[in-house]
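Hello,

Here is the structure you are taking over. My notes on it follow.

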Amino acid sequence: MNFSVAELSLVGATYLLTLFLIAYATEKGIIPHRISRHPSIYILSLGVYCSAWAVYGSVGFAYENGYNFLSYYLGIAGAFLIAPITLAPFLRLAHTYKLNSLPDLFAFRYRSKLAGASAAFFLTLGLIPLLALQIQAVAQSVSLLNNSLNENTIALAFCILIMLFTSMYGGHSKGGRSKKHEGLVAAIAFETIVKVIVMLIVGAYAVFSVFDGPQDLQNWLDSNPAALEMLYEPLDNGPWRSLILTFFAAAIVMPHMYQMTFTESTNPRSLLPASWGFPLILFLIALCIPPILWAGIKLQTPGPPEYYTLAITLAGDSRLTPLIAFVGGLSASSGIIIVVTLALSEMCLNHLAIPMYKPSMGRFSIGWVKFSKRLLMAAIILASFGFYVALENRLDLSQLGTISYTATLNFVPGILGLLFWNKANRQGVISGLAVGFVLWLIHFFWPAATHTQASTTLAITLADIFDEDIVYMGGFIVIAGNAITFIVVSLLTRTSEEEQRAAEICALDTRQQSSQWELSVSSASDFTPCLTPQIGALMAQREVEQALSELKLDPDEQRAYALIRLRDRVETNLSSFLGPSIAQDIMDQTIPYKQKSESGKSEDIHRMESRMEAYRHKLSGLAAELDSLRRFHRQTLEDLPIGMFSISEDEKIQAWNKAMEALTGHSSEQLIGMRINSMKQPWKTFLIDFIRGESDYSPQATINIDEKTLELSLHKAAIGKQNAAETSSQVIVVEDLTELRLLESELTHSERLASIGRLAAGVAHEVGNPVTGIACLAQNIQYDTENKDLLDTADQILEQTNRITRIVQSLVNFSHSGEVSHAEHCPVNMHECVTEAIDLLRLGASGKSYDYHNDLPDNLQVMGDAQRLLQVFVNLLGNAQDASSHASKINIYSEGDSHSVIIHVEDEGEGIPDALQDQIFEPFVTTKDPGEGTGLGLSLVYSIIEDHYGHISVTSPVNPETGKGNRFSITLPASEQLNLP
Amino acid sequence: MYIDRLLILLIAGAYLITPIVTHWWTEGGTSWYRPYLIWAGLIVTSFWITRSRDIDEF
């Protein structure tokens, strides 16, 4: 069966055009994001792994090496089945630090442009045979369908077509921050669907068309045991485990897998379904390989077994099935070429072209980036084509694949060092890669390119000693040479400080992260001036502002850990734009890290705690118990009802509990990590004075906050201080005593009143007796004499003694004011009480001339002592009379609710001076002229109202315009019988 | 050097189980699909484990 060039071109071009349309529709949003970003698209895009080796090469490999062919699928499936262990750490690093390729990862961890450049160069060199494999597969498969065509011509045509197609993808690259190619991912996912369907169709064709169903296949196997034996036999002696490990590592070291698994991942959680989804895709493809192989053997298909997938379909009558099989192979080849070329061109651009060319910032246009990338893509494809031509089809697909996979094994020591070995350094990894690649060139690349045997003396000797295949021993020499050089050089050379820090970030063991680093700048505001000489003022400002907004940090941020986060974010953002090598260079030159001084090592308690919180769910056993204990102690300090905070030696705040937050209004989030002098006034001066002061205890410190004075008691203690000369962190306890001081003051006031009362009682008793005697003697004079002058004198004596008696009586009443039992309280009708007080006052000489208005409701009742409440109103109304002019109005009215009653006594008299208003209820304070008042009346009222659980206040003047009128307002708890209008 | 406990468990498990599995596979005779049965079993197990896994770990 032969197909015309037009037919094949149409099928090929239509397929590639479909791919481009899918990519285009996705980029333009015609395919909705909910579909293009669905985890299943991500999983399907991982199918890029299934190259022409999966579709064609595996059948040939199975023919030669039996079940060893499964290692190609099982190795990588194993890596994905345990993705949370194997791949998640890389995904975390790639996402956090925007490391888009393996050279990015190497440059980041080993802090070396040369490490990144070596990785990019060796990876590109190592992948050329894999790309040549794809070109060979397409060329040979086309020549199977049309044997008149020259294979090299087909290969060249295919290369040109794929170059155009790839440059279109390259052209879609935004050249900016985003390195995601959503369109490419969708197209590759589509390709995977095509590959799986094609393999299932060809597999079904083999089982149902070549054989008459599964039973017939089984019967054929029973009658041809050699066909089964050829699968089992190589398992015993073949390099089964080595192959499994090689393909296991491919999940990370192969650039197309790194690109799809890590760089193109939009959602890290998609890795979980991928851990079973991707092995399922491989399972479906691998399941078809044995039936295809047996179908090829049964049909005695001519040509190499690796093309049985296509060749068995040519034996049938249908013209469609061979075309379907051809599309499967084309799909597998084109997918991997596109992704590998794209990945290699990006890494060559970032790690080789830009560092070598060193364009100034102004020349970093998107156009320049796109042009360079397209040029690199073309160069890579042409180099692969050149290698394919040089090979002259002497190597089969699996041999070509082996050359590439062995080359990528060279990255395994560097990757293991990256994850597990903090001492690994750039000298080690670069020399290891160099040695490994030289050995690879000697044993694999050069013999393939020059048609010679890979037979160094060492390989031959080792193959003889271990009785192994010479190719297998070649691979062993490459990896062993690399690993030994890497380890020895790393041990013999010094690991730089930047590498140590990067190693801490990359290390799987978060407990190793000691965060012994700090930045050379002390504030976020220093970032822009530092970066300006390197990247220009505009870009520096934009980058810093973007990083600040992404991290939600303040432009004046000073916290050490926040500054480190800011630096990392700026580097990450620059890395996505300029590549990691350039970004690292810029950051290392402008804002370098420095190792913390001994004195500053205790400060990052907060960072340590944050890491422990993040790592907490992984702790178990004693570590988990210790963590619980830590949390308990921390919570105890947090919930302490007394303010507590601690500061490091350089006065950075390490802890700030809730009571301190409530007291100062500064949240712990704002302050932790900041220096104490970054606090706002007046707290800043207040706390600094105490912290730097010599005294460890300040019992009566006061601070004015918003016109309110807080009385505080402060204690401080050094944390873990061994001797007096040593400086150390401090813990400071701040107790708010304001309320306590207020209570103490009220108590003092009461005590003062009580002592005045006792004094008054004593004075009354002592003065009363002689006054009574004087009054008796004056009365005796009145009875004993008719002398008018003497009688007048006696009257005056009596008048004066009466006055003394009244004063004494007032003193006695005052002294007894606090001794009333609350058991005597009963409902008192306030209207009647006030009326009685008015009547009593009217008995006096001046009482009649005032206009009283008792507007209290008739049924207004409060709980209390009627006589004492009567005294209250007598005093208040008496004062009102004294303050008012004759015939003026005195109003008594009320308001209130179900809980309290407010009774107002309001006059129109002269107002009370402001200076006296605060003291009006103090004993012996009066506004009256000397001799007219004792100053005890309102004090007595105050005491009585307090005894009734009430409150009295004064408003004066009532009318601010005239400056006249006084209003005394008594608030009393309402009686149950209260019935307000 | 710190190695995930699960990784140690997996390596030890693989070391112990691989010879048994390989032996069962190579003794398959005409049951050529035996390796695929093991593989399918691993896929189902992985599916079952990831369904109940705390996805916040990522």
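At what angle do helix H4 and helix H16 of chain A pack, and how far apart are their axes? Helix H4 (residues 52-65) and helix H16 (residues 271-299) of chain A pack at an angle of about 60°, with axes 9 Å apart. Axes are lines fitted to C-alpha atoms, for helices over the stretch in contact, and angles run from 0 to 180 degrees between N-to-C directions. That angle makes H4(A) oblique to H16(A), as angles under 35 degrees count as roughly parallel, over 145 as roughly antiparallel, 65 to 115 as roughly perpendicular and the rest as oblique. Among the residues making the contact are A:Ala54 and A:Tyr63 of H4(A) and A:Ile285 and A:Gly296 of H16(A) (contact: C-beta atoms, placed from the backbone, within 7 Å). Helices are DSSP runs of H or I, at least four residues, numbered from the N terminus.

The model is predicted: local features need pLDDT of at least 70, side-chain atom pairs count only at pLDDT 80 or more, and totals for chains, interfaces and linings use all residues. Residues are numbered from 1 along each chain as its sequence is written, and chains are lettered from A and ligands numbered from 1 in the order in which they are written.

The mean pLDDT (the predictor's confidence in each residue, from 0 to 100) of chain A is 83, and 91% of its residues reach 70 or more. Over residues 173-177 of chain A the pLDDT is below 50.

In helix H25 (residues 497-506) of chain A, A:Glu499, A:Ala502, A:Ala503 and A:Cys506 are buried (20 or more other C-beta atoms within 10 Å of the residue's own, all placed from the backbone). Helices H7 and H22 of chain A are among those covering them.

Definitions and conventions: Contact = placed C-beta atoms within 7 Å. Buried ≥ 20, exposed ≤ 12 C-beta atoms within 10 Å, placed from the backbone. Helix = DSSP H or I, 4+ residues; strand = E, 2+ residues; numbered from the N terminus.
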